[in-house]
Amino acid sequence: MVPLTPLAAAADVSIDRLVIATTNQGKIREIRAVLGDLGLTIVAQSDYGALPPVLEDGKTYAANAVNKATAIASRFGVTALADDSGLEVDALGGAPGLLSARFAGPHATDGENRRLLLDRLRGVPVSRRGARFRCALALVDPSGVVRVAEGLVEGVIRDHEAGCGGFGYDPVFELPDRGLTFAELTDDEKNRISHRGRALAKVHAMLLAELKAEG
């Protein structure tokens, strides 16, 4: 378990450790893959032991991401990175949106969420199955400085699952110009073009500039 440093004792806010404020293993893998070349010690929230959940009651992805990152940064005196993301489907009026992870219920699995989505779209023509993934990443340092990066990718929802990679709704989210779902892409391909990958590229640039400034 990582030793904790209370905020009151944290005088140096230079970045050498980044805590990913999520328990989602898929998100952790993607974040580490994109930010791993920065030379930072990147640890997961779970490395700090069991923590109380943060209420995700924000009206936007960015608000939820900021809440989660701030909770970790302020509690332990570390720089924290949090993600909030969702799938917005045109035929469902933008649902599941902010409730994407809980679409089929508070403790729903990825598979249960996908099955409910496909059930809701049964019989809906391809022309109305447009969808997009949105992601907001919040980077919060121990002094309370907040930076937000966002990413978006457009696609369509297939009428069946395809591919064994990724997580969440990846097996039903197809990129029209590729004819492949996110779950059919390699990790490197997905990280280059996904909503989270695009937001992470911006975070990478932020952190790289800060590390260079620190010298």
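**A walk through the chain and its strand E4**

Let's start with charge: the chain carries 25 positive and 28 negative side chains, with the centres of the two sets 3 Å apart. Here Lys and Arg count as positive and Asp and Glu as negative, leaving out His and the chain ends, and each charge is placed at NZ of Lys, CZ of Arg, CG of Asp or CD of Glu. Please keep in mind that this is a predicted model, where local features need pLDDT of at least 70 and side-chain atom pairs 80 or more, while totals for chains, interfaces and linings use all residues. Residues are numbered from 1 along each chain as its sequence is written, and side-chain values use heavy atoms, without hydrogens or water.

Now for the fold. The chain has five helices and seven strands (DSSP runs numbered from the N terminus: H or I of at least four residues for helices, E of at least two for strands). Along the sequence they follow the pattern β-α-β-α-β-α-β-β-β-β-α-α.

Ten of its eleven residues are buried, so E4 is largely enclosed by the rest of the structure; buried means under 20% relative accessible area, with a 1.4 Å probe and protein chains only. On one pairing, ten bridges join E4 to the antiparallel strand E3 (residues 79-89), and Asp83 has Leu137 in E4 as its bridge partner. Strands count as paired when DSSP finds at least two bridges between them.

Notes. Buried < 20%, exposed > 50% of the residue type's maximum accessible area, 1.4 Å probe, protein only.
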